[in-house]
Amino acid sequence: MKLLLIGKTGQLGGDILRNDTGHEIVAPDRQILDVTRPDSVATALLEHRPDAVVNTAAFHNVPLCEVDYSEAFRINCAAVRDLAVACREAGALFVTFSTDYVFGGEKRTPYLEDNRPAPLQMYGISKLAGEFAALSAAPDHAIVIRTCGLYGISGANSKGGNFVDKRIRDAKASTPLEMGCDQVVSPTWTGDLSRAVLQLIAHPSLRPGVYHLINEGECTWYDFTKEIYRILGLNIVVRPVDRKGLTGAMRRPLYSALANTKACALGITLPHWRDSLERYLRAKIATGPERP
Ligand SMILES: NC(=O)c1ccc[n+]([C@@H]2O[C@H](COP(=O)([O-])OP(=O)(O)OC[C@H]3O[C@@H](n4cnc5c(N)ncnc54)[C@H](OP(=O)(O)O)[C@@H]3O)[C@@H](O)[C@H]2O)c1
């Protein structure tokens with residue numbers, strides 16, 4: 001397949017580019033293809049004539065979405081709708097990404113693709129609106145992939161890096177570390193996610209709709225932090241703190257682990273989060289400047 005990738009400097013986009021083995025990928029710079037400029041999307045589709053457009057762009061700094069919600073809706077919903085329309089008209093598959101934050105956290109077992117969303121904050125609301133926008137504008141062409149707690153080599157610019165790298169930096173500080181034990185999530189390495197995405201979009205039995213893709217298992221950010229330091233052999237004291245899902249007045253779901261039910265049915269599975277974290281850290285130690 002020929003893929004038009006949006007967001008190549010990001011965590012997921014970067015790994016899709018690095019880990020692709022069988023597709024032809026074109027990945028224009030953001031200055032050339034900006035999802036908020038439909039003319040740039042139309043030009044790219046005309047120029048490259050891709051079989052699929054893979055959109056990893058998002059406005060996903062969650063607290064900032066509360067303040068600048070018009071920008072959140074512009075990138076996470078309106079731009080997604082415009083991309084979906086352009087793909088439908090060009091006859092291209094449209095692949096876009098959503099989040100565990102579309103759920104409200106009332107469950108205690110992993111959310112399935114068809115569970116009822118109930119987002120608690122503007123980020124989740126704008127991403128859920130983007131899901132509807134994609135699926136209603138291009139019902140025969142749109143694939144929405146929900147994922148959770150991403151970390152990858154590139155780090156998310158809008159969040160000042162990824163969670164794992166921030167904990168490696170914290171380990172060098174002398175102040176005691178407090179980590180949330182209130183939210184249960186499925187942390188996911190974009191290395192594994194990118195390979196699963198590439199498998200999914202090329203699958204002969206792929207149908208339009210919503211899919212979940214996350215590393216297996218669930219944990220709190222406190223558990224995840226302890227595991228980072230255990231793998232690295234660092235003896236760092238971490239105190240669990242229960243923030244009850246609150247950042248100021250903004251609420252996050254207390255439980256948002258996902259189940260990869262539909263992808264698994266196609267034979268696409270991801271490793272357990274502990275396994276992926278270990279491989280990410282091993283690669284990081286071997287190559288990265290942030291060696292603890
Ligand atoms: N990160 C998470 O924990 C998480 C969790 C659940 C779901 N997701 C979803 O997964 C997807 C990928 O997340 P990620 O962490 O890989 O994101 P990321 O690292 O922040 O990457 C986003 C990419 O999109 C680009 N971009 C932003 N605005 C754009 C625009 N207007 N036009 C074109 N490109 C634009 C960014 O460019 P710049 O480098 O120039 O900013 C960057 O390359 C997103 O849909 C996100 O909502 C993420």
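Hi everyone, let's start with the ligand: by class, the shell around it holds 11 nonpolar, 11 polar and 4 charged residues. Here Ala, Val, Leu, Ile, Met, Phe, Trp, Tyr, Cys and Pro count as nonpolar, Asp, Glu, Lys and Arg as charged, and the others, Gly among them, as polar.

A word on the model before I go on. This is a predicted model, where local features need pLDDT of at least 70 and side-chain atom pairs count only at pLDDT 80 or more, while totals for chains, interfaces and linings use all residues. Residues are numbered from 1 along each chain as its sequence is written, and side-chain values use heavy atoms, with hydrogens and water left out.

Back to the ligand. It is surrounded by 26 residues, and the closest are T9, Q11, H60, Y123 and K127; a residue counts as near if one of its heavy atoms lies within 4 Å. Now for some atom pairs. A backbone N or O atom of Q11 sits 2.9 Å from a ligand oxygen, and for a backbone N or O atom of F97 the distance to a ligand oxygen is 3.5 Å. In K127, a side-chain N or O atom lies 2.9 Å from an oxygen of the ligand. Alone, the ligand exposes 920 Å², and the protein buries 91% of that (Shrake-Rupley areas, 1.4 Å probe).

Which element gives the most to this shell? That is β4, with 3 residues. Helices are DSSP runs of H or I with at least four residues, and strands are E runs of at least two, numbered from the N terminus.

Next, empty space. Rolling a probe the size of a water molecule over the atoms shows where it is left. A cavity is a set of points, on a 1 Å grid over the protein atoms alone, where a 1.4 Å probe fits but cannot get out; lining residues have an atom within 4 Å of a point. The largest cavity has a volume of about 40 Å³. Its lining includes F97 and K127, and α4 (69-90), β4 and α5 each give two or more residues to it.

Finally, there are 16 salt bridges, each a Lys or Arg side-chain nitrogen within 4 Å of an Asp or Glu carboxyl oxygen. One of them joins K284 and D165 at 3.1 Å, N to O. K284 is in helix α10 and D165 in helix α6, 119 residues apart.

Methods. A polar contact is a pair of N or O atoms within 3.5 Å; within protein, one must be able to donate a hydrogen and the other to accept it, and residues adjacent in sequence count only if both atoms are side-chain atoms. On a 1 Å grid over the protein atoms alone, a cavity is a set of points where a 1.4 Å probe fits but cannot get out, and a pocket is an open set with protein on both sides within 12 Å along at least five of seven lines; lining residues have an atom within 4 Å of a point. Grid points are joined across faces, edges and corners, and a volume is the space filled by probe spheres set on the points.
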